[in-house]
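Biologist: I would like to go through this structure one item at a time. Please give the cut-offs as the terms come up.

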Amino acid sequence: MRVKVVEPRFRLWNLFTLGLIGIILCLFVGFGYRDRSAGNNISNNDDDGQEIKAISVFVLMGKTGSGKSSFINSLNGTDAFGRKPVVSDGIDSSTQSPTVYLTWIGKRKILLLDTPGFDDSARDNLEVLNDIVSSLYSFALRPEDFEMRGVIFLHDISEIRFGGSQKKTLGILRAIVGEENLGNVIVGTTMWSSTWDAGKLKQQEKRERALLDDQWGGIRKTTRLSRDSKNVAVQIIYDLLAGPPALLLAQTEMLQPPHTIEATTVGKLAMPEGRQELEDLQRKVREREKEFEAESKRQEALLQEQVRDTKRKFEAQEMRSRQKEESQRLKQQEDMKKFEGKLRKEFKRESKSIEDKIRKDTKKREQEEKEIRKLEEDLRVKLIKRNKIRVEKARKDAEEQEKIKAAIKRLEKPPVLTWFANLISIILTWFR
């Protein structure tokens, strides 16, 4: 086995090539990372050049369908798996539990806490509230990593009435935030009509002023958002960043013993209502159980009557089926007998035809065998005659050969006679 020897010059060239490729890759990665950072304005410094240690957290609240997911999409927010929120197009919320979305605003790393609405068709309000307060509490436990910057409350301005569900959500918002922290709340109104619908737009503006005076007193400001208003969403974040960070009332209360939602202001506000809803629900369940029991008895009696009626019909139908089957059976037996008689006749006819054909074939085969035996005998006789002729011819040829040899011996002395004898032998052999 031959071993290929690599020249030192070739090995040095390989090492040089690998080193050059490594330097190019390092430069490519370095410049790519620097360009990406510059394009996204990502940095660990704030606008004054000071290092930012804690991540700014903003809470998104509002009724289902008010535009929370659209707001996050306008800021290019993504969850831990890199997915954007799904925009709901019906009454069912696409956000079933509080979800954190990451984005960058300027040079700041931002977390948006998306919360389900309190009118969620798939979940209980107390369950939703418990999830929201638990998420806020988890942020409050790590003040060195997260700073609470404010709450963004989105309201669908196309709703004509500020109903019980909206008032309930606003009351829970105030209990979570606390009256002293309402300056860290911005209300964003969504679902505005197009500018060409002047009459409807005017009604919505009037509704906005009424809500600001009657319901949203004490908050930082209100602003209008369209479906793709990225600049407005960014300005809301900047407005809240301009103020000082502050823990919400629910977070402050959860940090104190006994660390339960029942001990917080929002828990005390929601629990009695929840208990009342539970009692109403239990009462309705009992009423429905009674109605169901009465309806069950009625349905059971009706079902028994239907069973008896069905049984009678089934028995009558079964009797008719038996009679029909019996008549069909007798008819089938009669048809079977006729078919058997027909088969017997056909079998006899076919059997006779087959026997005649067999006899003819047997006779023909016997005749053929007889002819074959005769041909074999003639061929055997001919072969015997031919063999005799060949034997006789071979014997004569041997005698001639002996005679020729004797003649040759007699004529061996003169060379001319030997040659002449050979010639005669060849001529005789040729003529034979």
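Modeller: A polar contact is a pair of N or O atoms within 3.5 Å; within protein, one must be able to donate a hydrogen and the other to accept it, and residues adjacent in sequence count only if both atoms are side-chain atoms. The model is predicted, so local features need pLDDT of at least 70 and side-chain atom pairs count only at pLDDT 80 or more, while totals for chains, interfaces and linings use all residues. Residues are numbered from 1 along each chain as its sequence is written, and side-chain values use heavy atoms, with hydrogens and water left out.

Biologist: Which side chain does that of Thr 189 join in a polar contact?

Modeller: Thr 189 is part of strand E5, residues 185–190; strands (E, at least two residues) and helices (H or I, at least four) are DSSP runs, numbered from the N terminus. The polar contact spans 2.9 Å, and the partner is Trp 192.

Biologist: Is Thr 189 buried or exposed?

Modeller: Buried means under 20% relative accessible area, exposed over 50%, and partly exposed in between (1.4 Å probe, protein chains only). Thr 189 has 0% relative accessibility, so it counts as buried.

Biologist: How many salt bridges are there?

Modeller: A salt bridge requires a side-chain nitrogen of Lys or Arg within 4 Å of a carboxyl oxygen of Asp or Glu. Under this rule, the number of salt bridges is 20.

Biologist: Which residue forms a salt bridge with Glu 208?

Modeller: The closest N and O atoms of the salt bridge are 3.0 Å apart, and Glu 208 is paired there with Arg 224. Glu 208 is in helix H5 (residues 198–214) and its partner is in strand E6 (residues 221–224), so the pair ties together parts 16 residues apart in sequence.

Biologist: How far apart are the closest N and O atoms of Asp 309 and Arg 312?

Modeller: Both residues lie in helix H8, three residues apart, which is about one turn of the helix. Asp 309 is partly exposed at 30% relative accessible area, and Arg 312 is partly exposed at 46%. Their salt bridge has its closest N and O atoms at 3.7 Å.

Biologist: What is the N to O distance between Glu 179 and Arg 174?

Modeller: Glu 179 has 52% relative accessibility and therefore counts as exposed. The side chains of Glu 179 and Arg 174 meet in a salt bridge, N to O, at 3.4 Å.

Biologist: Which helix holds Glu 366?

Modeller: Patches are made of residues with over 30% relative accessible area and no salt bridge; like charges are joined within 9 Å, and nonpolar side chains (Val, Leu, Ile, Met, Phe, Trp, Tyr) within 5 Å. Glu 366 forms a negative surface patch with Glu 368, Glu 369 and Glu 371. Residues 265–410 make up the helix that holds Glu 366, namely H8.

Biologist: Where is Lys 385 found?

Modeller: A positive surface patch includes Lys 385, along with Lys 382, Arg 386, Lys 388 and Arg 390. Lys 385 is exposed, with 54% relative accessible area. Lys 385 is found in helix H8.

Biologist: What distance separates the C-alpha atoms of Ala 421 and Lys 409?

Modeller: Ala 421 is in helix H9 and is buried at 8% relative accessible area. It is twelve residues from Lys 409 along the chain, and their C-alpha atoms are separated by 9.6 Å.

Biologist: Is the peptide bond from Pro 257 to Pro 258 cis or trans?

Modeller: Most peptide bonds are trans. Pro 258 sits in the loop between helix H7 (249–254) and H8. With omega near 10 degrees, the bond from Pro 257 to Pro 258 is cis.

Biologist: What is the phi of Met 191?

Modeller: Most residues other than glycine have a negative phi. Met 191 is in the loop between E5 and H5 and is partly exposed at 24%. Although not a glycine, Met 191 has a positive phi of about 60 degrees.

Note on methods:
Areas by Shrake-Rupley, 256 points an atom, 1.4 Å probe, with all protein chains shown as cover. Lys, Arg positive; Asp, Glu negative; His and termini not counted. Charge placed at Lys NZ, Arg CZ, Asp CG, Glu CD.
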